Amino acid sequence: MNIYPRILVIFGSTRQGRRGEVVAKWLMDRLAMRTDATFELVDLRDVSLPFFDSPTSPVHGHIAPEAEQWAAQVDRADGFIFVTPEYNHGYSAVLKNAIDHLYAQWAHKPAAIVSYGGFAAGYRAAEQLRQVLIELKMVPIREQVGISLVPNWIPSVSDAPDSPSGAFLDRSFNGMMTELLWWVTALIPARERDRLSQD
Ligand SMILES: Cc1cc2nc3c(=O)[nH]c(=O)nc-3n(C[C@H](O)[C@H](O)[C@H](O)COP(=O)(O)O)c2cc1C
């Protein structure tokens, strides 16, 4: 049984000139300092998936041939951190497409959200994403990080750690990771039990 959790960080903007790279980098820099799990960044630009058009839903176990590599990558993970922009109060279409291609590979795994955007720091996109994750039998973590990209607006990735907003960001990140790892650790043996009972 794998007791060293593998967390996939899924970066959900593929837009030309995307600004979310600064958020993904901020997150990966912080995760690099942790020793309680491995953290792998997946840029959806590198996951070349067509628009989902399968005749049957992946809930029935069918995965499109073009999504098989993506399925294997998600299947190996014990938990996820979605890094999502906010577009028109929702999360990105490219992220929804990547989610919809799979089903069982997501199930019974926890997922945290780092959202970013304008004044609302992507919180509206995060709320939408939570609803969808539940349908895929994931466990969305309540604690989250929300980052604003509006200059001089807070919290921002450029906030000094000793400023009030920098400290708030720190607390958000630490709270999110504590909860994520709690669920990751709780669910690894539960999924293993399921796997053994199916053998
Ligand atoms: C199509 C589109 C819709 C947007 N809608 C919102 C929105 O509803 N709320 C918000 O805070 N920012 C919104 N923005 C601003 C984005 O948060 C900002 O452009 C951000 O940089 C997007 O992330 P990205 O650059 O990594 O793709 C929108 C941007 C685009 C391109």
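**Close-up views of a predicted model**

**View A. Asp78 and Arg191 are both buried (under 20% relative accessible area; exposed is over 50%, partly exposed in between; 1.4 Å probe, protein chains only).** Their side chains meet in a salt bridge, 2.9 Å from N to O. Asp78 lies in the loop between H2 and E3 and Arg191 in helix H5 (residues 164-198), so the pair ties together parts 113 residues apart in sequence. A salt bridge here is a side-chain nitrogen of Lys or Arg within 4 Å of a carboxyl oxygen of Asp or Glu. Helices (H or I, at least four residues) and strands (E, at least two) are DSSP runs, numbered from the N terminus.

This is a predicted model: local features need pLDDT of at least 70, side-chain atom pairs count only at pLDDT 80 or more, and totals for chains, interfaces and linings use all residues. Residues are numbered from 1 along each chain as its sequence is written, and side-chain values use heavy atoms, leaving out hydrogens and water.

**View B. Arg130 pairs with Glu127 in a salt bridge.** The closest N and O atoms are 2.8 Å apart. Three residues separate the two in helix H4, about one helical turn. Arg130 is buried at 13% relative accessibility; Glu127 is partly exposed at 48%.

**View C. Ala67 sits in the loop between strand E2 (38-43) and H2.** Ala67 is buried, at 0% relative accessibility. Ala67 touches Leu49, His101 and Leu102 (heavy atoms within 4.5 Å), not counting residues up to four places away in sequence.

**View D. Helix H3 (residues 93-100) has Leu95, Asn97, Ala98 and Ile99 buried.** Their cover includes strand E1 (6-11) and helix H4 (123-135).
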